[in-house]
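Please read this briefing with the structure open beside it. The points are grouped by topic.

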Amino acid sequence: MSRDPGTCREPAGSGPRGLQAMPLHDVHTGRLTVLRAAALFDGVSPALMAEPTVVVAGGTIAAVHGPAGPVPAGAHVVDLPRLTLMPGLVDAHLHLCFDASSDPVGHLADTGDDVLRERMAEAARRALRAGVTTVRDLGDRGYLALDVRDQSRAGGLLPAIVAAGPPITSPGGHCHFLGGAASGERALRAAVRERAERGVDVIKVMASGGNMTPGSLAHEPQFSAGSLRAIVDEAHRHGLPVTAHAHSARSIADAVAAGVDGIEHATFMTAGGVDAPGAVIRAIASQRIAVGCTVGRDPGQAGTVMPQIASRMAALIAARRRLYESGAVLVPGSDAGVSPAKPHDVLRFAPGDLAAAGLNPAEIWCAMTSRAAQACGLGHRKGRIAAGFDADVLAIDGNPLKDLAAIRRLRAVYAGGRPVIPAPGSPAGIEVP
Ligand SMILES: [Zn+2]
């Protein structure tokens, strides 16, 4: 089995509805902005478009044209003749509440909600300044990520935020200190209902132990297959997807059997190493379960890999490569916040990890934009530069298909059409009505 080389196709019907038809002639009075650049990566195509013209109306992309595309009368033109445009990045797994220190759990315990909320917003802004225009928070305390999400929705200059609230875990289990411990089918279903009522976007369950919780073993399950089934059933009943943190090989198999929508980490750990059965890998691929690949490390912090990961690293990379080769849906997420190697803007160091799994450059950028947006439930308006999508646009110096490090030569960032880092020579940036 092999995937289509070099493409990152969108599923049928994933495009936005009702927005493509915005006619250029409808818009006057300086509300239109045109970005012209040397090249464009649109989030799905395996090749760059040369000399694109991107028309932005308010916070939305109104049209994308090739060389010498029409410029609507009266439009504000931003010329970026040496730069490449691409969609804003999507980090499908981070934790705004962890401070990327050597003791994020201790610091969290010492921080009250009001201060924490401000720090979480600043963490989100740090990601945004590095070109991450959408983030999915997969574990907070007290539903505070939903508060930051609300600030973003109310117009704060923040990334778009998708949030799980406190992850569901076992009593004393991985990240129990975030407040999401429950056990038994009745309590687990109630925990899902509480999250649905609070307005989360996704249910996160800690199916196995994890590396940052004392007393928790990553290679051991925390929940039975039956408990996972109850969580998935209750979540789907409320229209919510479930993604399961799972290092343990057995937990991964149980989560797949339970019908989860995503698996985070997916390291297939056993007590002695790594064991990724072919049947489970094939099921992950055929069920189109999103595999949250934990990627990106600050290279200045290279010495801080946890020993239980370091000893398994070669086998972990081999398992990820097999997932890729089987056609599984790989979705990058940084797990930012959990350690000094994981600051909230670390996603820009992720491409090399995806290359090690076998992805070619076009697949890497698809995964980090349109595919991650789909995994976050925002595939209809994030992760692509196309008519009707949000104007989350980066301008980078270089060809990302030839040089993965070009993402770290960021020259402009726009979020919903608003300048986070204005384009060179264009202090006004894209105007918003
Ligand atoms: Zn995490």
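In this predicted model, the axes of helix 4 (residues 185–198) and helix 5 (residues 225–237) come within 9 Å and cross at roughly 30°. The crossing of these two helices is right-handed.

**Helix 4 and helix 5**

- From helix 4, the residues in the contact are Glu 185, Leu 188, Arg 189, Val 192 and Arg 193.
- Helix 5 contributes Ser 227, Ala 230, Ile 231, Asp 233, Glu 234, Ala 235 and Arg 237.
- By type, the contact residues are five nonpolar, one polar and six charged.

- Ile 203 belongs to strand 9, which covers residues 203–206.
- Ile 203 has a relative accessible area of 0% and therefore counts as buried, the cut-off being under 20%.
- Leaving aside residues up to four places away in sequence, Ile 203 touches Ile 168, Val 192, Arg 195, Ile 231, Ala 235, Leu 240, Pro 241, Val 242 and Thr 243.
- Asp 261 is 58 residues from Ile 203 along the chain, and their C-alpha atoms are separated by 9.9 Å.

- Strands of a sheet pair through backbone hydrogen bonds, either parallel or antiparallel.
- Three strands form an open sheet in the order 6-7-8, and their pairing is parallel.
- Strand 6 (89–94) and strand 8 (160–163) are the edge strands, each pairing on one side only.
- From one strand to the next, the twist averages 15°.
- Strand 6 pairs with strand 7 (residues 132–137) over four bridges, and Val 90 has Thr 134 in strand 7 as its bridge partner.
- Helix 11 (residues 361–375) lies across strand 6 and strand 7 and runs at about 60° to strand 6.

**Helix 3**

- Helix 3 spans residues 144–153, and its buried residues include Leu 144, Ala 145, Leu 146, Val 148, Arg 149 and Ser 152.
- What do the buried residues of helix 3 pack against? They pack against helix 2 (113–129), strand 7, strand 8 and helix 4.
- Gly 155 follows helix 3 and has a positive phi, near 110°.

**Other strand pairs**

- Strand 3 (residues 53–57) and strand 4 (residues 60–65) are antiparallel and pair over five bridges.
- One of the paired positions is Val 56, whose bridge partner in strand 4 is Ile 61.
- Strand 3 and strand 4 make a hairpin with two residues between them, and Gly 58 in the turn has a positive phi of about 60°.
- Strand 10 (residues 242–248) and strand 11 run parallel and are joined by five bridges.
- In this pair, Ala 246 stands opposite His 265 of strand 11.
- Strand 11 (residues 262–269) is mostly covered, with eight of its eight residues buried.

**Cysteines**

- How many disulfides does a search of the whole structure find? The search finds zero.
- Cys 293 has a relative accessible area of 2%, so this residue is buried, as the cut-off is under 20%.
- Cys 376 is at 8% relative accessibility and for that reason also counts as buried.

Notes: Residues numbered from 1 in each chain as written. Predicted model: local features only at pLDDT ≥ 70, side-chain atom pairs only at ≥ 80, totals over all residues. Heavy atoms only, no water. Pairing = 2+ DSSP bridges. Axes fitted to C-alpha atoms, helices over the stretch in contact; angles between N-to-C directions. Left-handed = near helix turned anticlockwise from the far one by under 90°. Contact = heavy atoms within 4.5 Å. Nonpolar A, V, L, I, M, F, W, Y, C, P; charged D, E, K, R; others polar. Disulfide = S-S within 2.5 Å. Buried < 20%, exposed > 50% of the residue type's maximum accessible area, 1.4 Å probe, protein only.
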